[in-house]
Amino acid sequence: MAVQTQTKFDAWGLLGPDDEKICDYEGVLEVVNNSSSQVLTEPIENGQLAAFNKVQQPESLSVTLSIGSDPTRQMAAISRLKQLKSGTGANFLCKMVTPSEVFENLSLESIGQTRTTQSGATLLVVTLNFVQIRVVQVTSQQLQWSPKNPTSADPVNAGRVQTEQSTLKKLLS
């Protein structure tokens, strides 16, 4: 399962695929988790709807980080975040650790940058939007049909079969 209950640590962290900090950030300012599901419905006669099973949607997280005011650190952090955003595969999945839960297999979808006079125009605050990637393993099987008893299969009519010796040949010989 991608969300684990965390009781061991009292820490916050946004980790990359190597379980190190995603970039050189100073702190986690905000984490917003959106967990939803959808009930599937289909129209039936007389304008009625039939509801089916509930489908769980992937987790989505919005994480706001404080990067700091050093321009060199900011450029390195933004470069690393853009690399994670554009990458695909397991080597680009992140993990959000909170005191209550660990969210794994998060793919970075978007990066927002904010600089305000209230927090200092040199301080970079980034908002990262993640979506959970569900890792599944697909297997396939080939089915081969065979009757329960090979002699119980229906006979196949392949047309008329010519006898080896014709009736005319038998009469002449």
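Visitor: Is Lys 95 buried or exposed?

Guide: Buried means under 20% relative accessible area, exposed over 50%, and partly exposed in between (1.4 Å probe, protein chains only). Lys 95 has a relative accessible area of 18%, so Lys 95 is buried. One caution on reading: this is a predicted model, where local features need pLDDT of at least 70, side-chain atom pairs count only at pLDDT 80 or more, and totals for chains, interfaces and linings use all residues. Residues are numbered from 1 along each chain as its sequence is written, and side-chain values use heavy atoms, with hydrogens and water left out.

Visitor: Which residues form a salt bridge with Lys 95?

Guide: A salt bridge is a side-chain nitrogen of Lys or Arg within 4 Å of a carboxyl oxygen of Asp or Glu. Lys 95 pairs with Asp 19, with the closest N and O atoms 3.1 Å apart. That pair links distant parts of the chain: Lys 95 is in strand E7, Asp 19 in the loop between strand E2 (13–15) and strand E3 (27–34), 76 residues apart. Helices (H or I, at least four residues) and strands (E, at least two) are DSSP runs, numbered from the N terminus. Asp 19 is partly exposed, at 44% relative accessibility. Lys 95 also forms a salt bridge with Glu 104, at 3.7 Å between the closest N and O atoms. Shared partners join Asp 19, Lys 95 and Glu 104 into one network.

Visitor: How many salt bridges does the structure hold?

Guide: Four. One of them joins Arg 73 to Glu 26, the closest N and O atoms being 3.6 Å apart. Arg 73 lies in helix H1 and Glu 26 in the loop between E2 and E3, so this pair ties together parts 47 residues apart in sequence. Arg 73 is partly exposed, with a relative accessible area of 26%.

Visitor: Why do the buried residues of H1 line one face of the helix?

Guide: An α-helix has 3.6 residues a turn, so residues three or four places apart point the same way. In H1 (residues 71–86), the buried residues are Gln 74, Ala 77, Ile 78, Leu 81 and Leu 84. Seen down the axis of H1, they fall within an arc of 125 degrees (taken from the directions from the helix axis to the C-beta atoms), so they line one face. On the other side, Thr 72, Met 75 and Ser 86 are exposed.

Visitor: What covers the buried residues of H1?

Guide: Contact means heavy atoms within 4.5 Å. The cover includes strands E6 (60–68), E7 (94–97), E8 (101–114) and E9 (124–132).
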